[in-house]
Amino acid sequence: MNIDRAVLAFAGCVVLASVVLSLTVHSWWIGLTLFAGANMLQAAFTGFCPAAMLFKALGVREGTAFR
């Protein structure tokens with residue numbers, strides 16, 4: 001798995017967890033989905049992604065999107 005796929009998998013897990021938490025715990029958890037979406041949008045335009053930096057520090061091999 002490379003950084004690109006790891007970031008996509010992490011974002012998907014965050015969104016799914018947020019939906020489950022908003023349905024079972026409290027509706028304000030949907031804000032986590034908004035945060036994840038905003039972060040993905042800014043990463044698409046700037047190329048800066050904190051999750052990609054974390055995965056790189058953990059030793060995940062580089063992909064083509066986040067260098």
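How accessible is valine 19: buried, partly exposed or exposed? Valine 19 is partly exposed, with a relative accessible area of 33%. Buried means under 20% relative accessible area, exposed over 50%, and partly exposed in between, with a 1.4 Å probe and protein chains only.

## Model and conventions

This is a predicted model, in which local features need pLDDT of at least 70 and side-chain atom pairs count only at pLDDT 80 or more, while totals for chains, interfaces and linings use all residues. Residues are numbered from 1 along each chain as its sequence is written, and side-chain values use heavy atoms, with hydrogens and water left out.

## Overall architecture

The protein chain has 3 helices and 0 strands. From the N terminus on, its elements run α-α-α. Helices (H or I, at least four residues) and strands (E, at least two) are DSSP runs, numbered from the N terminus.

The C-alpha trace spans about 35 × 25 × 15 Å along its principal axes. Of the 67 residues of the chain, 25% count as buried. Among contacts with a separation of 6 or more, 56% are accounted for by residues 24 or more positions apart. Contact means heavy atoms within 4.5 Å.

## Nonpolar core

The largest nonpolar core has 8 residues: Ile3, Ala6, Val7, Ala43, Cys49, Ala51, Ala52 and Phe55. Helix 1 and helix 3 are the elements that give two or more residues to this core. A nonpolar core is a set of buried Ala, Val, Leu, Ile, Met, Phe, Trp, Tyr and Cys residues joined through side-chain atoms within 4.5 Å. In soluble globular proteins, nonpolar side chains tend to be buried together.

Phenylalanine 55 belongs to this core. Leaving aside neighbours within four places in sequence, phenylalanine 55 is in contact with Ile3, Ala6, Val7, Phe10 and Val60.

## The largest pocket

The largest pocket has a volume of about 290 Å³. Its lining comprises 16 residues, of which Val7, Ala11, Asn39, Met40 and Cys49 lie nearest its centre. Helix 1 (3-24), helix 2 (30-46) and helix 3 (50-57) each supply at least two lining residues. By class, the lining divides into 14 nonpolar, 1 polar and 1 charged. Val7 and Cys49 are also listed in the largest nonpolar core.

The terms are as follows. On a 1 Å grid over the protein atoms alone, a pocket is an open set of points where a 1.4 Å probe fits, with protein on both sides within 12 Å along at least five of seven lines; lining residues have an atom within 4 Å of a point. Grid points are joined across faces, edges and corners, and a volume is the space filled by probe spheres set on the points. Ala, Val, Leu, Ile, Met, Phe, Trp, Tyr, Cys and Pro count as nonpolar, Asp, Glu, Lys and Arg as charged, and the others, Gly among them, as polar.

Serine 18 is found in helix 1. Serine 18 counts as buried because its relative accessible area is 0%. Its side chain makes a polar contact with the side chain of threonine 33, at 2.7 Å. A polar contact is a pair of N or O atoms within 3.5 Å; within protein, one must be able to donate a hydrogen and the other to accept it, and residues adjacent in sequence count only if both atoms are side-chain atoms. Not counting residues up to four places away in sequence, serine 18 touches Trp29, Ile30, Leu32 and Thr33.

Serine 22 is also in helix 1. Serine 22 is buried, at 16% relative accessible area. With residues up to four places away set aside, serine 22 touches Ser27, Trp29 and Ile30. Alanine 17, another helix 1 residue, is partly exposed at 34%. Alanine 17 and leucine 32 are 15 residues apart in sequence and 8.9 Å apart in space, C-alpha to C-alpha.

Threonine 46 lies in helix 2. Threonine 46 counts as exposed because its relative accessible area is 55%. The side chain of threonine 46 reaches the backbone oxygen of glutamine 42 at 2.8 Å. A polar atom of that side chain also lies 3.2 Å from the backbone nitrogen of phenylalanine 48.

Valine 19 is in helix 1. The C-alpha atoms of threonine 46 and valine 19 are 27 residues apart along the chain and separated by 27 Å. For valine 19 and leucine 58, 39 residues apart, the C-alpha separation is 27 Å.
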